[in-house]
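The following note sets out numbered comments on the model shown below. The comments begin with the contact between the chains and then turn to pairing of strands.

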Amino acid sequence: MVTASDKVKVEDYASTSAVAWCPGCGNFGILRAMKKALVELQLRPHQVLMVSGIGQAGKFPHYLQCNVLNELHGRPIPAATAAKIVNTELTVIAISGDGDAYGEGGNHLVHAMNRNVDMTYMVHNNQVYALTRGQACPTTDLGFTTTMNPNGAWVSLRPLALAVACDCSFVARGFAGDGEHLAMLIQMAIRHKGFALVEVLQPCPTFNHRNTFQWYSQRVYKLDEAKDYDPKDRGAAFNKALEWGDRIPIGLIYRNDRPLFEDYLGVTGKVPLVREKTDPLQFESLIDEFK
Amino acid sequence: MAVDISFVVGGEAGQGIQSMSFVLGKTLMRGGYEVLITQDFESRIRGGHSFARVRAAERHIQATSEKIDILIALNAETIDLHKGEMDAAGLVICDRGKLKTGDKNGDNFLDIPLERLAAEKGGDRLMSNIVTIGAVVGLINYDFGLLADVLGEEFGRHGDKTVEGNRAAARAGYEYASQHFADRTSPRVAPRGPTEKIMMTGNEAVALGAMVAGCKFVSGYPMTPTTSILEYIAEKGRRFNIPVVQAEDEISAANMVVGAAYAGARAMTATSGGGFCLMVEALSLAAMTETPMVVVLGQRPGPAIGLPTRTEQSDLEFALYGGHGGFRRPVLAPSGVAEAFWLTVKAFNIAEKYQTPVILITDHDLADCYNTVERFDLKKAKVDRGQTISDEEAASLTNYKRHLITESGISPRALPMQGNSLVVTDSDEHDEEGHMIEDAETRTRMVLKRQRKFDRLQDDMDEPTITLRPNSEFTLIGWGSTYGAIKEAAELLEADGIAASVLHLNALWPFPVDAVTRALAHSPKAFVIESNATGQLARLMRAETGIKAHKSILKFDGRSFSPQYIVNSLKKEVS
């Protein structure tokens with residue numbers, strides 16, 4: 001049995017499942033960064049619940065060690081929300097691709113960002129639908145032609161601007177090609193008390209030949225190194241979240257520490273609901289009200 | 001003759017119809033009567049026409065009567081719409097001067113200056129509805145003290161002044177009726193003594209059942225007719241640590257339930273057909289991940305938005321089959337308020353024992369009606385969490401397999417953070433550990449495992465309600481909220497010299513094949529009675545038992561079955 005004094009090592013997160021991602025997939029970098037962050041936080045696999053959606057990102061939790069609820073397409077957020085409410089001791093991380101988060105699950109995202117449950121939401125944004133073989137996604141660059149969009153993509157969402165608009169309490173962007181930086185962001189997100197959105201730019205070598213590793217590398221710059229940027233300035237954050245093209249910011253874009261939904265529900269700091277036992281007789285007083 | 005009296009209280013939305021009917025019903029219960037209150041309202045907040053039926057009898061009743069003994073008309077429309085239902089000796093209470101149009105004259109009209117008495121005695125002309133209730137209590141020679149008690153309880157939260165105003169208004173009505181109509185041959189309803197009964201709605205019974213069963217998480221999106229389940233637990237659950245989360249939509253609500261249940265909390269949502277449409281994807285997920293989940297489906301007429309505030313039983317097949325991928329799920333259908341409580345407790349137990357979604361299907365009729373029932377004996381409420389792994393076992397558990405293939409098909413359930421083991425499950429087909437697979441062999445074994453776990457489910461189900469009458473000419477078959485009407489129809493037929501047996505189902509799946517087959521062997525001519533246009537129970541019965549219904553009696557106008565309606569339809573069919 002593992003004792004508290006044993007240090008968590010990266011091997012503790014090693015999985016035996018055969019990986020079903022393409023060679024060169026940006027997900028490998030994200031996986032390494034996630035393991036690094038969890039080890040640095042000294043979280044044990046059984047303390048972590050990953051709730052994923054469908055897409056290549058949906059397979060992610062199977063490739064490390066943790067509790068896993070691989071949900072439906074677009075639905076990891078509601079399940080993760082409720083799991084956290086009933087067991088506040090869990091470290092809850094939801095994982096989606098761009099289709100999951102910004103397409104199918106868009107309504108859940110909007111409300112979860114506003115609701116502010118203490119969880120981390122990783123969105124792997126490769127700007128294309130890879131699992132279904134290369135259709136446009138909500139964040140595909142305008143004009144990018146795909147099998148289903150022969151005239152080029154017509155819409156291109158700026159999800160982090162949406163996040164700032166929803167007053168998401170922690171909004172960050174990382175790059176799968178910069179594991180150290182991404183691991184640092186994931187750590188910050190997990191430590192953050194509130195709903196933390198971490199979008200990860202992820203090259204898809206199979207279906208996205210435009211937004212390649214090189215394309216992102218030439219454009220990303222770190223906000224942490226920008227001296228005069230204050231992520232608590234919502235107006236500035238909104239502008240930063242809209243920045244896309246020749247320069248793409250990564251790092252912490254917005255932060256607003258505010259009360260948790262768990263506090264509002266009254267579950268913070270109490271015995272987790274999953275451990276409460278119910279005695280039917282305690283409800284006699286309610287039945288009296290119907291006399 | 002035993003007392004069996006029906007009132008109709010009618011007026012515009014916003015005139016307090018619901019509150020008046022509740023006060024009258026509770027007052028009658030306190031004197032030892034069994035009471036049923038049904039609401040008929042439009043999908044609006046003000047205006048229009050709303051009414052409530054209050055029926056009180058010495059025996060237990062679960063259906064409305066078509067005959068009105070006392071009609072309380074707060075507007076002229078009430079009279080126009082209901083005069084045809086009046087008993088020959090029936091009386092109409094109204095404030096004649098205030099009724100704008102309509103037929104308001106006749107020997108049976110009792111004119112009471114409701115507004116004037118309300119203003120003079122109660123201090124507010126809006127209390128005319130309370131004056132009316134006082135007048136009714138006077139008219140039937142009932143105990144005013146019982147009404148005064150109920151008014152105190154109902155208005156107590158608004159302060160003593162409000163209580164006194166309402167009591168004064170009620171007394172003014174009571175005295176007016178006693179003085180002016182003492183000579184009327186009105187029905188006499190003498191108090192029969194104290195009662196141990198309780199009175200609540202179907203929704204309240206479901207909400208209480210969920211709390212008693214140890215539900216620890218509720219999520220939902222408001223939808224008629226089940227919103228009050230969510231509201232009740234939201235209000236009362238605060239004292240018992242039961243959070244209710246208002247989700248952004250029903251998709252979210254259902255997936256929240258899956259997430260909470262996966263983590264180990266008993267969890268529930270409640271909706272109607274339209275919301276259930278959005279939930280079936282998560283229902284399928286719960287089946288695949290073997291997650292216990294309770295969904296209350298309160299039916300209303302469809303398709304689409306249909307008649308939002310009315311009743312129907314047209315989601316039977318949807319409840320049975322909704323969701324992709326072909327999976328079974330228990331569907332429980334309470335026949336009344338008491339069963340709504342007990343079957344809700346059962347729904348939670350079955351959901352965990354068989355690690356499955358369970359649907360509790362009700363309808364507007366049951367959801368919103370108040371009925372007197374025996375007080376629930378909470379000592380009989382058992383929480384059975386099924387095959388769980390204890391904390392001690394979990395502490396030393398290694399290589400835990402959430403979907404372990406067992407003989408029964410049920411895998412012992414550990415929870416995340418119960419020990420150091422990992423709980424892994426997937427909406428993709430998975431192996432015993434819960435990891436995604438593609439191979440044909442594992443897939444086949446997993447499908448069979450999930451099916452096999454229901455092999456013994458029938459043993460946990462309650463028998464359907466069966467009343468066999470000697471030499472019965474036919475069997476009346478129904479399910480869910482229509483029980484009261486069907487049972488009483490059979491009694492009316494019996495009084496007419498026609499013997500009819502009754503078979504009433506409280507579960508649609510697993511279908512009680514043996515019980516139905518046995519009952520129909522007694523009297524094979526089957527009349528299937530249901531509130532839908534497509535004869536869903538008749539089709540289900542034929543699919544499950546091979547027995548074809550003789551005739552279906554269908555009603556799909558959004559209104560409930562009355563015993564008289566069933567009797568008339570049946571006589572038409574057999575003549």
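1. Between chain A and chain B of this predicted model, 24 residue pairs are in polar contact, both residues being at pLDDT 80 or more. A polar contact is a pair of N or O atoms within 3.5 Å; within protein, one must be able to donate a hydrogen and the other to accept it, and residues adjacent in sequence count only if both atoms are side-chain atoms.

2. On the side of chain A that touches chain B, the elements giving two or more residues are β2 (67-70), α2 (76-86), α4 (106-115), α9 (261-265) and α10 (284-288) of chain A. Of these, α2(A) gives the most, with seven residues. Helices (H or I, at least four residues) and strands (E, at least two) are DSSP runs, numbered from the N terminus.

3. By class, this side of chain A has 26 nonpolar, 16 polar and 11 charged residues. Here Ala, Val, Leu, Ile, Met, Phe, Trp, Tyr, Cys and Pro count as nonpolar, Asp, Glu, Lys and Arg as charged, and the others, Gly among them, as polar.

4. The contact (heavy atoms within 4.5 Å) takes 53 residues from chain A and 63 residues from chain B. About 5,000 Å² is buried between the two chains, 62% of it on carbon and sulfur atoms. Buried area is the accessible area (1.4 Å probe) that two parts lose on being put together, summed over both.

5. Six salt bridges are counted between chain A and chain B, a salt bridge being a side-chain nitrogen of Lys or Arg within 4 Å of a carboxyl oxygen of Asp or Glu. A:Asp288 and B:Arg375 form a salt bridge through their side chains, at 2.8 Å from N to O.

6. A strand pairing also links the chains: β2(A) and β15 (residues 424-426) of chain B run parallel over three bridges. Two strands pair if DSSP finds at least two bridges between them. A:Asn70 has B:Asp426 as its bridge partner in β15(B).

7. Chain B has an open sheet of seven strands with mixed pairing, in the order β9-β8-β10-β11-β13-β12-β19. Its edge strands, β9 (244-246) and β19 (507-509) of chain B, each pair on one side only. Within chain B, β12 (residues 331-332) and β13 (residues 357-363) pair in the parallel sense over two bridges, and B:Val331 stands opposite B:Ile359 in β13(B).

8. As to confidence, the predictor gives the complex an ipTM of 0.97 and a pTM of 0.97. Chain B averages a pLDDT of 95, and 100% of the residues score at least 70; pLDDT is the predictor's confidence in each residue, from 0 to 100.

9. On conventions, residues are numbered from 1 along each chain as its sequence is written, and chains are lettered from A and ligands numbered from 1 in the order in which they are written. Local features need pLDDT of at least 70, side-chain atom pairs count only at pLDDT 80 or more, and totals for chains, interfaces and linings use all residues, while side-chain values use heavy atoms, with hydrogens and water left out.
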